[in-house]
Amino acid sequence: MTTQPLTKAEIFINSTMNWDDNDRTTWAESWDEIQRKDYMDTVVADDAHGITTASPSIFAMIQAVE
């Protein structure tokens, strides 16, 4: 029996399960559409390499330093 790989949406939804209020606020109120898409793309790319992406609030702090 073979299993289908997860879709991008499934990968992203799985990543949101551990978000706290700060993460949800960053996603919904602080980021624009482009920033949300960039984060989603990063989550999917990281997953393909077996990497767990930082939560949105931590991701935003990392971006602010770069």
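Of the 66 residues in this chain, 24% count as buried. The model is predicted, and its C-alpha trace spans about 45 × 25 × 20 Å along the principal axes. Four helices and zero strands make up its secondary structure, and from the N terminus on the elements read α-α-α-α. Among contacts between residues at least 6 apart in sequence, 48% join residues at least 24 apart. Let us walk through the helix pairs and then turn to the side chains.

On the α1 side, the residues in contact are Lys 8, Ile 11, Phe 12 and Ser 15. They meet Tyr 39, Met 40, Val 43, Val 44 and Asp 47 from α3. By class, this contact holds six nonpolar residues, one polar and two charged. Keep Phe 12 and Tyr 39 in mind, as both will return below when we come to the aromatic rings.

Next comes α2 with α3. Here the axes again come within 9 Å, but the crossing is at roughly 135°. That value lies in neither the perpendicular range of 65 to 115 degrees nor the antiparallel range over 145, so α2 and α3 are oblique to each other. The contact brings Trp 27, Ala 28 and Ser 30 of α2 to Gln 35, Arg 36, Tyr 39 and Met 40 of α3. Four of these residues are nonpolar, two are polar and one is charged.

What does α2 meet in α4? Asn 22, Asp 23 and Thr 26 of α2 touch Pro 56, Ser 57 and Ala 60 of α4. Two of the residues in this contact are nonpolar, three are polar and one is charged. The axes of α2 and α4 come within 7 Å and cross at roughly 65°. Helix α4 covers residues 56-65 and includes Met 61. With 51% relative accessibility, Met 61 counts as exposed, because the cut-off for that class is over 50%. Met 61 and Glu 33 are 28 residues apart in sequence, and their C-alpha atoms are 18 Å apart in space.

Now for the aromatic side chains. A search of the whole structure finds nine aromatic pairs. In one of them, the ring centres of Phe 12 and Trp 27 lie 5.1 Å apart with the planes at 40°, so the pair is tilted. This pair links distant parts of the chain, with Phe 12 in helix α1 (residues 8-16) and Trp 27 in helix α2, 15 residues apart. Are these two residues buried or exposed? Both Phe 12 and Trp 27 are buried. Trp 31 and Tyr 39 form another tilted pair, 5.4 Å from centre to centre and with 45° between the planes. Trp 31 has a relative accessible area of 7% and is buried, while Tyr 39 is buried at 1%. One aromatic cluster takes in Phe 12, Trp 19, Trp 27, Trp 31, Tyr 39 and Phe 59.

Finally, let us look at the charged side chains. How many salt bridges are there? The count comes to two. One joins Arg 24 to Asp 21, with the closest N and O atoms 2.9 Å apart. These residues are three apart in helix α2 (residues 21-30), so about one helical turn separates them. Arg 24 is partly exposed, with a relative accessible area of 41%, whereas Asp 21 counts as exposed at 54%. The other salt bridge joins Lys 37 to Asp 41, with 2.7 Å between the closest N and O atoms. Both residues lie in helix α3 (residues 33-48), four residues apart, which is about one turn of the helix. Asp 41 is partly exposed, at 36% relative accessible area.

Terms used: Residues numbered from 1 in each chain as written. Predicted model: local features only at pLDDT ≥ 70, side-chain atom pairs only at ≥ 80, totals over all residues. Heavy atoms only, no water. Salt bridge = Lys/Arg side-chain N within 4 Å of Asp/Glu carboxyl O. Helix = DSSP H or I, 4+ residues; strand = E, 2+ residues; numbered from the N terminus. Buried < 20%, exposed > 50% of the residue type's maximum accessible area, 1.4 Å probe, protein only. Axes fitted to C-alpha atoms, helices over the stretch in contact; angles between N-to-C directions. Parallel < 35°, antiparallel > 145°, perpendicular 65-115°, else oblique. Contact = heavy atoms within 4.5 Å. Nonpolar A, V, L, I, M, F, W, Y, C, P; charged D, E, K, R; others polar. Phe/Tyr/Trp six-rings, centres within 6.5 Å; stacked < 30°, edge-to-face > 60°.
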